[in-house]
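Thank you all for coming.

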Number of protein chains: 2
Amino acid sequence: MADILKYIDQNKSRYEEELKAFLRIPSISTSPEHKDEVRRCAEFVRDELGRIGLNNIKIYETAGHPVVYGERLDGGKDAPTVLFYGHYDVQPVDPLDLWTNPPFEPTIIGDNIYARGSVDDKGQVWLQLKAIEAHLKTSGVLPVNVKVIIEGEEEIGSPNLDKFLSDYQELLACDTVLISDTPMFGYDLPSLCYGLRGLCYMQVEVTGPNRDLHSGFFGGAVENPINALAVMISKLKDSKGKILIDSFYDNVLPITETERKEYLKLPFDRNAFMKDLETDATPGEEGYGELERMWARPTLDCNGIWGGFTGEGAKTVLPSKAFAKISMRLVPNQTPLDIAAKFEAFFNKIKPAGVTIKVIDLHGGMPAMTPIDSAGMTAARKAMKEVFGKEPFLTREGGSIPIVNSFSQILGAPTVLMGFGLPDQNAHSPNEKMNLKNFHRGIKCGALFYQNLV
Amino acid sequence: MADILKYIDQNKSRYEEELKAFLRIPSISTSPEHKDEVRRCAEFVRDELGRIGLNNIKIYETAGHPVVYGERLDGGKDAPTVLFYGHYDVQPVDPLDLWTNPPFEPTIIGDNIYARGSVDDKGQVWLQLKAIEAHLKTSGVLPVNVKVIIEGEEEIGSPNLDKFLSDYQELLACDTVLISDTPMFGYDLPSLCYGLRGLCYMQVEVTGPNRDLHSGFFGGAVENPINALAVMISKLKDSKGKILIDSFYDNVLPITETERKEYLKLPFDRNAFMKDLETDATPGEEGYGELERMWARPTLDCNGIWGGFTGEGAKTVLPSKAFAKISMRLVPNQTPLDIAAKFEAFFNKIKPAGVTIKVIDLHGGMPAMTPIDSAGMTAARKAMKEVFGKEPFLTREGGSIPIVNSFSQILGAPTVLMGFGLPDQNAHSPNEKMNLKNFHRGIKCGALFYQNLV
């Protein structure tokens, strides 16, 4: 490995120049006018896969933008197989006038390279390709089997990825998925995310009288659907943040002592958190810290509510209907279907007389978790420790990454999220940037990851 | 009086022809294209006041449509003075295709005359003018002093009436205001409305974090303003319909035993009420019947609510803000200012940590009540009993009639609401109609009212 790490150190400036070329392609996937540029970017990636020494390279067409594939099966039948996933498409750049430098003219200032896609995800794709290259250009082989897919539709929700994974299930078969598309906890605070929450997203419709009424004439003898909805929402959680839906917590995997200790190591700054949000409290489920509540405990939030008169002024309507979008973040081993059924049953149970309700299951996503002692996680932890000189924090994330579910459900493989972004990276915003020290550290981490899997 | 009543019986067909002429004028006050027709209608009324024998007749200009005035001060200094108020303007006619007959071509079918304005309020203005005429054309004098104002902006909220009342306070000085612009409880169910509820209309804004957040990343450690608003709304009333705002009921005039007995006489059909609204309950404040709750008890209703994502689909936002419009119907002797202050104080008291709130007083209106044993009410009750052959029900109304407050506050006079409409009169809707039997009965009631005041 010493040769490999040395090789990486010696090629820094080449890596940066190559990354700049990648970043100059405006591969905005949502923009029809950029369709040719997205295609050019796929071809750029294809050529690079060839240059670094992968085999069986191909641009796979989809109903949208193509997926680029390459592999190197040096490990042989008994060695583990890693599927590296990344995306070559980027977010739009509006508002353009807030960019200090043009988004597709990569500019290095201090330790950062500024450009659209610098951290999300071109920089992190490139560092992983450079990790593979470092093996192949020094020892000539990779210690394990490696497959690479780089797609072009992540920023528009990967609408064609599931079909691709299903269609090429055999080609893509693997033991571990590796993704570099997430931020670390902070600079010099390496972290590995091993868990994601799922989602159960419901919509409720409450109907009182069959038509809008005059609140003066009828107020006092008719159930108001907005008041009824408010009361029902208030009954979903108690004052200590506990969700009251029957059997809601039945399948919740408790936070282990090990996890709790891990989270306590993290320098979460409650005051900075509150200051940033201009709020005076961080309320949530009693008995759990903020990170536990945001990462490893289920939650219930109203995402939207509407009903009655919402314009300017005072219209005295007693409305017929009120609506709310209510979603629950799930943790292993809750499932969206089970929670949707429990939500609907409970909502029916707490419905007052004088209204009817309709409950719709709008959307669901499974929670995901990669065991912290799995082969992939262990290899990643070791790699980061060697490069950063300290044990990475083990974190979870409160949101979902749908592709992680796709890999889990279609390919049956857990995902290692080894990301090298930073919290202030401005992904999806003007002045997106990637810290170049992390970029180069990432290359070494990638190279060591493959080695550590053996 | 026998002569007068006989005269009224003999002039039925003339009355109907005259009313038709009045109804043919499309005096739609909200429509700029009908400005000249509104003016023509005011002149039509002015000419009629002269024809029936009033004095001091004048069209008073306002910033909008004019007010027509006339008087007959036959009673002299010591006799009571009645101010009759009505309006000559009408609602728009859309949707025109739902009218069986053209809205400004009055058509008699069975007992009803169909036309825009037939009952609201031209028919009821006309019957009162004919009552005055009957006195003047038979005995030559009115037994009391009568002043008449017919305005042209009632259907757009009487924006210039308060200024008119203030500017001409002395001219309009009176002991009782008489209005015929309300429906009776039912056909052959004469009723007199002696009380109106007031209004206190608030808007609340709840702010959680300073910006919209990702509900996955932040859910669990941030107060959600929609959930907080729902909980706060749920704390405004208990499960028995009692409003929990501190000191809310302090000034509420209790329903008397006499009133309770009056309301129990009324044929309120709970099942028909529920069937009409397609609901299965008539919830409200415990211990009170539906009519008591809709007329004589204060209520609290959400008139509108909004916040977060309200479009199609599932957006996982933890919003920064949520809003609601919350209004309370008031009863004597509550005042909007006092209740607004109590609401704001209570809302601040129940505000959870993690949100800030803003409470805005959008609109208020005083409740109104005319003592059932006042001279005006007694005269009206006697008149209706003589004409309908039965004692009128004494009712209240749950809404507000802002002009009643204006008369009370600017002129210091209570209002007698002696209306001859019916619940199915289609005011403001297509196929508006006035029952002609009630029209003719109304003329007699008006004539007797003046007589009974002596």
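**A walk through the two chains**

Let me begin inside chain A, where Arg72(A) stands opposite Val146(A) in β6(A). This is a predicted model, in which local features need pLDDT of at least 70 and side-chain atom pairs count only at pLDDT 80 or more, while totals for chains, interfaces and linings use all residues. Residues are numbered from 1 along each chain as its sequence is written, and chains are lettered from A and ligands numbered from 1 in the order in which they are written.

Two strands pair if DSSP finds at least two bridges between them.

With that in hand, strand β2 of chain A, residues 67-72, is joined to β6(A) by five bridges, and the two run antiparallel. β6(A) also pairs with β3(A), this time in the parallel sense and over seven bridges, and there Gly86(A) stands opposite Ile150(A). Is β6(A), residues 145-151, mostly covered or exposed? It is mostly covered, since seven of its seven residues are buried, where buried means that 20 or more other C-beta atoms lie within 10 Å of a residue's own, exposed means 12 or fewer, partly exposed is in between, and the C-beta atoms are placed from the backbone. In a regular strand the side chains alternate between the two faces of the sheet. In β6(A), Asn145(A), Lys147(A), Ile149(A) and Glu151(A) point one way, Val146(A), Val148(A) and Ile150(A) point the other way, and all are buried.

For contrast, please look at Glu105(A), which sits in the loop between β3 (81-87) and β4 (107-109) of chain A. Glu105(A) is exposed, because 12 other C-beta atoms lie within 10 Å. Glu105(A) and Lys20(A) are 85 residues apart in sequence, yet their C-alpha atoms are 7.9 Å apart in space.

Next, the domains. Chain A is divided into domain 1 (2-196 + 367-452) and domain 2 (199-252 + 298-364), with bounds that come from an automatic or database domain assignment. Their C-alpha centres lie 41 Å apart. Four residues of domain 1 of chain A are in contact with six residues of domain 2 of chain A, contact meaning that the C-beta atoms of two residues, placed from the backbone, lie within 7 Å.

Now to the two chains together. How many residues of chain B are in contact with chain A? There are 65 of them, and they meet 64 residues of chain A. The largest share of this side of chain B, nine residues, comes from β11(B). By type, the residues on this side of chain B divide into 26 nonpolar, 27 polar and twelve charged; here Ala, Val, Leu, Ile, Met, Phe, Trp, Tyr, Cys and Pro count as nonpolar, Asp, Glu, Lys and Arg as charged, and the others, Gly among them, as polar.

β11(A) and β11(B) pair in the antiparallel sense over five bridges, with Trp306(A) opposite Trp306(B) and Gly304(A) opposite Gly308(B). Within its own chain, β11(A) is joined by eight bridges to β13(A), residues 321-330, again antiparallel, and the bridge partner of Gly307(A) there is Ala322(A). Nine of the ten residues of β11(A) are buried, so the strand is largely enclosed by the rest of the structure.

How are the chains related?

I will finish with some backbone details. Most residues other than glycine have a negative phi, and most peptide bonds are trans. Against that background, a cis peptide bond joins Pro332(A) and Asn333(A), with omega about 5°, and Asn333(A) is found in the loop between β13 and α11 (336-350) of chain A. In chain B, the bond from Asp94(B) to Pro95(B) is cis, with omega near -5°. Asn431(A), which is not a glycine, has a positive phi near 60°.

Note on methods
Helices (H or I, at least four residues) and strands (E, at least two) are DSSP runs, numbered from the N terminus.
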